[in-house]
Amino acid sequence: MGLLELSEVSRDFDVSRPWLNRVLEGEPRRTLRAVDGLSLAVQRGETLALVGESGSGKSTVARLIVGLYPPSSGRVEFRGRRMQMIFQDPYASLNPRWRVGSIVAEPLLHLRKEKAARVKERVDQLLVQVGLSPEDGEKFPHEFSGGQRQRISIARALAGEPDLLVCDEPTSALDVSVQAQILNLMAELQRRLGLTYVFISHNLAVVSEVADRVGVMYAGRLVELAPAAELFARPRHPYTRMLLDAVPDLAMSGKPRTPVAGEVPNPLALPAGCAFHPRCPHANERCRAERPAFVNSVACHAIAEDRIRG
Amino acid sequence: MILEVKNLRVEFPTRRGALVAVDDVSFSIAPGEVLGVVGESGAGKSVTGLAIIGLLEPPGRIAAGEVRLEGRRIDNLPPEDMRRVRGRRIAMVFQDPLTSLNPLYTIGAQLEETIRTHLALAPKASREKALGLLKEVGIPAAEQRYHHYPHQFSGGTRQRVVIALALAAEPSLVIADEPTTALDVSIQAQIIALLKRLAASHRTAVMLITHDMGVIAETAQRVAVMYAGRLVEIGPVRDVIHSPQHPYTVGLMGAIPKISLSRNKSLTQIDGAMPRLNAIPPGCAFNPRCPRRFERCAKERPDLSPAGASEAACWLHEPRRA
């Protein structure tokens, strides 16, 4: 049994226009399905990454996991003790009026019910663990750079002694040399504390550095799920292939690539059938009409019918 | 050369003395060439671009050095003359296409206005030119889209419109400041291809400012690496990527995650962070973080000198004296 299991989870948002407009203009209510029938299991100790472009629903999944949104349908089961979340923006996720020591102590006092005498000691320990010094506890968040703030967020998340950390684009706001520091820190903490990560990112290169398994999302659905090494060596779903081809080629190897076509569809007007079919070079009548089921870790008619190598 | 920048220094006066945002930066761009300018936030790459196009926010000012466009000095032009250079000879593409477009006018009207401001064209001719531009940047159904407002476009097509606007007056230099940063990776690839094609076919010089070395590898012929307001390395893209010469560039290249099949090799990290502008260390600005520093690095400031196929500002590459 996995540490975390999502079965057929969907989440709808009401994006109707105001009541008066609906009445006067005779418009119906409109809902946006941000996540559609998503099932996956996260094993203890692994890093599962979810990648996708904006609007693919990956951040909504993060919020469904930690319970910031209740699912509209389906189940989220967690078999661990505690989960914590790390957010993208280290400027918005720390209270500017609190000293860093108090920020990190908050989960200790409220979740762990630590005695006040032990809290200071534990806060110092946590700050050292993320590469800060005990003296930094006296400072305010504005005195730190973006990378250091992300370290503070990690120390706060670790204070509750979670077994699962849900990280939503934890390094996207950071410069590349600082990003490397944070990714290395997260890998070290995982080894030392046996943490499980759900890692949400739009950056495939970052995902290839950190993930054990990768789920690719498109328009609210999971289109492919595979061990990282397999996914990057032999991407199966046409969307995964397109995404990998679009990553700038830093090695300048000059490898041939298929040009990327089209744009992410509007979530309010998703194409019928497979949501990727307007951009897919292998789409046929069936793809345009029938939504592919997620079979053998991939959701694609062309692969199921052996029309393309899967 | 289309653009020549010599010993450019940009200062922002404050109550506690001047902050030097760009310090002694020199480079040039040839017609049809894309020069990538890469660096982390605060390295001075955007300020360099703004100084060239004359859009520094006061009290920021060019304190020394000169900027020449097609041989003519432009950094000391009166504001009225500079206004004519801007848009006509130099165009700029910003990160967020929404802030570069007026939400109250159709994109057709905005294109026509730009064309008629800079070129002496009749209304009909400027309309045809505007339509031609939209087609050239790859906007499908350009005739209909002509009458649409910016909010009716997606992020990627909006950036295409901004690029069409930048090219409207046929400038000789386009400064693109993080043109693909706000876009998804599949759209980014399309915009990169577009920029590359247009620079080549119009013989436009492009200064491509970005923090993303991958974008530069795809687009540029040469790359300039900035650190704490200074140029630390400049050279052909392939050489800088495959055999970086300055220890900062070496660290930067090692820190970039790459798609690879072997996991669990940790990224090279450069400890510490880039200094703030009010605390740039003496000597080489990178010396406190440099794994290869020696005594001289903290005392004397290195200038660019030949290193491999590139130039690097590092005492390790000091030309040997005979």
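Which are the buried residues of α1(B)? Before selecting them, keep in mind that the model on screen is predicted, with scores of ipTM 0.82 and pTM 0.87.

**First stop: helix α1 of chain B**

Select α1(B) and colour it by burial: Lys45(B), Ser46(B), Val47(B), Thr48(B), Gly49(B), Leu50(B), Ala51(B), Ile52(B) and Ile53(B) are the buried residues, so that the helix is mostly covered, with 9 of its 9 residues counted as buried because each has 20 or more other C-beta atoms within 10 Å of its own. Step one position past the end of the helix and select Gly54(B), which comes just after α1(B) and takes a positive phi of about 75°.

**Second stop: the loop from α1 to β4**

Continue along chain B into the loop between α1 (45–53) and β4 (61–69), where Pro59(B) is found. Display the backbone of Pro58(B) together with that of Pro59(B), and look at the peptide bond that joins them, which is cis, with omega near 10°.

Next, select Glu70(B), which sits in the loop between β4 and β5 (72–73) of chain B. Its phi is near 50°, a positive value in a residue other than glycine. Is Glu70(B) buried or partly exposed? With 14 other C-beta atoms within 10 Å, Glu70(B) is partly exposed.

Now show both chains and select the contacts between them, in which 35 residues of chain B meet 34 residues of chain A. On the chain B side, the elements that give two or more residues are α8 (185–202), α9 (213–219), α10 (237–242) and α11 (247–255). Of these, α8(B) is the one to highlight, as it gives the most to this side, with 6 residues. If you then colour the side of chain B that touches chain A by residue class, you will find 16 nonpolar, 13 polar and 6 charged residues.

**Last stop: Asn296(A)**

Finally, move to chain A and select Asn296(A), in the loop between α10 (285–289) and α11 (301–304) of that chain. As for its surroundings, Asn296(A) counts as exposed because it has 12 C-beta neighbours inside 10 Å.

Definitions and conventions. Residues numbered from 1 in each chain as written. Chains lettered and ligands numbered in written order. Predicted model: local features only at pLDDT ≥ 70, side-chain atom pairs only at ≥ 80, totals over all residues. Helix = DSSP H or I, 4+ residues; strand = E, 2+ residues; numbered from the N terminus. Contact = placed C-beta atoms within 7 Å. Nonpolar A, V, L, I, M, F, W, Y, C, P; charged D, E, K, R; others polar.
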